[in-house]
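Have the structure open as you read.

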Amino acid sequence: MNASDVKATLSFSDGSPSMDLPIYKGSIGPDVIDIRKLYGQTGKFTYDPGFLSTASCQSAITYIDGDKGELLYRGYPIEQLATNCDFLDTCYLLLYGELPNEQQQRDFHKLVNNHTMVNEQMQFFLRGFRRDAHPMAVMTGLVGGLSAFYHDSTDINNPKHREIAAIRLIAKMPTLVAMAYKYSIGQPYIYPKNNLSYAGNFMRMMFATPCEEYEPNDVLVRAMDRIFILHADHEQNASTSTVRLCGSSGTNPFAAIAAGVACLWGPSHGGANEACLNMLEEIQQMGGVEKIGEFIKQVKDKTSSVKLMGFGHRVYKNYDPRAKLMRETCHEVLTALGLENDPLFKLAMALEKIALEDEYFVSRKLYPNVDFYSGIVQRAIGIPVSLFTAIFALARTVGWIAQLNEMIADPEYKIGRPRQLFVGAERRDVPPLDKR
Ligand code: CMC
């Protein structure tokens, strides 16, 4: 870490001695104040629920400038990656730090393809679930279950194990998501086919049946691939921080990633894509574009707990660059399918326009995020709404594993252990039962 010449001085109004705190500079982005010695020297903790002002680690993977609306993976703008690279190039970049050359690309594809099948026993594990289980409940179980099948890659302290676990996870997630889907609709699983692209293989496992081959449509495969790229990593978001915290105890990588899947499920995070499409469908049923005003009124009513799903972000205080790319993909996919007049897309665009002009959203800097349009694209591709978040998990797996491996390799890494401001009862004695 690069120390700055400037130091922060913390002083106390009760006359306690002040303390100098070192400041470090990142390559870009805000500086950080190092408070690690604070407790030892002052007996005080910092208080920051929700980590509004706390950097929990140093990382060289993803950078977000929330004010500019900029997202970089290893320095490359998301717009360039989404246009010039595919998902596996992006995975290579996130894992190893550089884009692959031709040979590395070929080798990486081969490596991932070698691991696309899952242990045959996994299907019996899957059968233990109810068919109407939510796919994210199933995925949390299946990903955690991988640790029971792949013992030779569960030692997080062994760099070889970490690498093979990363490849296994990237390769097997599409197979697992497609299996979870096929199980839910009572169709036989379709085995992976390794001569297809990553996204094409996934779509075939989703939509082919033993009696009918899936004819890939280039525009739709490209759209799926773009969804994967846009969701691949997003620095220290809730699920990634969960993976890091979970992995910091030294647990095995599959268990740590399963924790990430569980966190992602929530509607404030990855579950927003499903919630957003449900919201659009509800407004459509209420009467569509005509009813936007009424809906926005409910959103602004602080007693209603209704949110405009797919809007707002902790870090972006500008248009989420992923939302722009997703809107572009939405146009392409709907045009390719002859669905230019799709009512939900029209509704989403009208809703976006009205919200972006409304003082409530303007003053709070609330803009569309990646989930605002991704549901419409996925629905058009034929993905059921309940599977949207599982697809997000599939794509984010590379980010989680890259971040986890970065943490384990960092000599400064320690088990994560936040502290608290205790506001409960002081010490007291247990009264006898008749006195409680
Ligand atoms: N609709 C209505 N009001 C909102 C929304 C929204 N979508 N998002 C934020 N606000 C309001 C919020 O009520 C608060 O108002 P006030 O200052 O009057 O209390 C203000 O804006 C600041 O919001 P916050 O809740 O303090 O912001 P946060 O950084 O804690 O939350 C968020 C970020 C993403 C959880 C939130 O914007 C949200 O719930 N959005 C909808 C869910 C969503 O789309 N999530 C996907 C995020 S992107 C994909 C991903 O990475 O998972």
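Tyr-360 puts a polar side-chain atom 2.9 Å from a nitrogen atom of the ligand, a polar contact (a pair of N or O atoms within 3.5 Å). Arg-314 has a polar side-chain atom 2.8 Å from a ligand oxygen, and an N or O atom in the side chain of Arg-364 sits 2.9 Å from an oxygen of the ligand. Of the 940 Å² of accessible area that the ligand has on its own, the protein covers 75% (Shrake-Rupley method, 1.4 Å probe).

Before going on, keep in mind that this is a predicted model: local features need pLDDT of at least 70, side-chain atom pairs count only at pLDDT 80 or more, and totals for chains, interfaces and linings use all residues. Residues are numbered from 1 along each chain as its sequence is written, and side-chain values use heavy atoms, with hydrogens and water left out.

Now step back to the ligand's surroundings. There are 22 residues around it, with His-269, Lys-307, Leu-308, Gly-310 and Arg-314 the closest (a heavy atom within 4 Å counts as near).

What about the cysteines? The count of disulfides is zero, a disulfide being two cysteine sulfur atoms within 2.5 Å. Cys-330 is buried at 1% relative accessible area, while Cys-57 is partly exposed at 26% (buried is under 20%, exposed over 50%, partly exposed in between; 1.4 Å probe, protein chains only).

Terms used. A polar contact is a pair of N or O atoms within 3.5 Å; within protein, one must be able to donate a hydrogen and the other to accept it, and residues adjacent in sequence count only if both atoms are side-chain atoms.
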